[in-house]
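Please read the following report alongside the sequence and the model.

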Amino acid sequence: MQLVVARVGRAHGIKGEVTVEVRTDEPELRLGPGAVLLTDPASAGPLTIETGRVHSGRLLLRFEGVRDRNAAEALRNTLLIAEVDPDATPDDPDEYYDHQLMDLDVVMVDGTEVGRITEISHLPSQDLFVVERPDGTEVLIPFVEEIVVEIDLAEQRAVVDPPPGLIDDRAEVAGSRDASGEDA
């Protein structure tokens, strides 16, 4: 199985290093020296990581055969893809690979059906489940333990306990007015 583990950013310096946007919880495993990665577009790779280091909080990589800024800049926006055993699981029991979460049924704590996970969006601050509801609309659910209270891979479901207004219109707005225009 193939998983996107990073996206190449801009060139860094003049010796072929690039910044990367990490898209894996295991960068030391997937993005270490010697790792051979497929690419999207495929014509850019495969790429073998020669060196890696952290600089000002960003991961910098150098690939074999990429020796100058121009060659590094040509890789900008290339997705780096690792070949992963589909039966493998992360070391941490509270972590999951995207393919494990895709198509899980999403239900509320009381069993009410919400929908099905169709995509996982990786944002800088947190991951989001994109959930397709039975009526075809989508809802975004932050993948944080306060909201996603259980992932049950055996039952193929994610149990959520969302705050009011995240999934439905139960939101309570401070200072709201009733139909007569009076303060509530």
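## Terms and basis

A residue is called buried when its relative accessible area is under 20%, exposed when the value is over 50%, and partly exposed in between, with a 1.4 Å probe and protein chains only. This is a predicted model, in which local features need pLDDT of at least 70 and side-chain atom pairs count only at pLDDT 80 or more, while totals for chains, interfaces and linings use all residues. Residues are numbered from 1 along each chain as its sequence is written, and side-chain values use heavy atoms, with hydrogens and water left out.

Asp91 counts as exposed because its relative accessibility is 75%.

## Backbone geometry in the loops

Two cis peptide bonds deserve a look. The bond from Asp40 to Pro41 is cis, with omega near 15 degrees, and Pro41 lies in the loop between strand 3 (36–40) and strand 4. Gly45 and Pro46 are also joined by a cis peptide bond, with omega about 5 degrees, and Pro46 is placed in the loop between strand 3 and strand 4.

Positive phi values in residues other than glycine occur at Asp103, where phi is near 70 degrees, and at Gln156, where phi is near 55 degrees. Asp103 lies in the loop between helix 3 and strand 7 (105–108) and is partly exposed at 44% relative accessibility, whereas Gln156 lies in the loop between strand 11 (148–152) and strand 12 (157–160) and is partly exposed with a relative accessible area of 37%.

## Two buried strand residues

Thr48, in strand 4 (residues 47–55), has a relative accessible area of 18% and is therefore buried. Leaving out residues up to four places away in sequence, Thr48 touches Gly34, Ala35, Val36, Arg62, Phe63 and Glu64, where contact means heavy atoms within 4.5 Å.

Ile151 lies in strand 11 and counts as buried at 16% relative accessibility. Apart from neighbours within four places in sequence, Ile151 is in contact with Tyr96, Leu101, Leu104, Phe129, Phe143, Arg157 and Ala158.

## Salt bridges

A salt bridge is a side-chain nitrogen of Lys or Arg within 4 Å of a carboxyl oxygen of Asp or Glu, and by this rule the count comes to 7. In one of them Arg53 pairs with Glu17, the closest N and O atoms being 2.9 Å apart. This pair links distant parts of the chain, with Arg53 in strand 4 and Glu17 in strand 2 (residues 17–22), 36 residues apart. Arg53 is partly exposed at 38% relative accessibility, whereas Glu17 is buried at 8%.

Arg76 and Glu73 also meet through their side chains in a salt bridge (2.9 Å, N to O); Arg76 is partly exposed with a relative accessible area of 41%, and Glu73 is partly exposed at 29%. Elsewhere, salt bridges that share partners join Arg7, Glu21 and Arg23 into one network.

Key. Helices (H or I, at least four residues) and strands (E, at least two) are DSSP runs, numbered from the N terminus.
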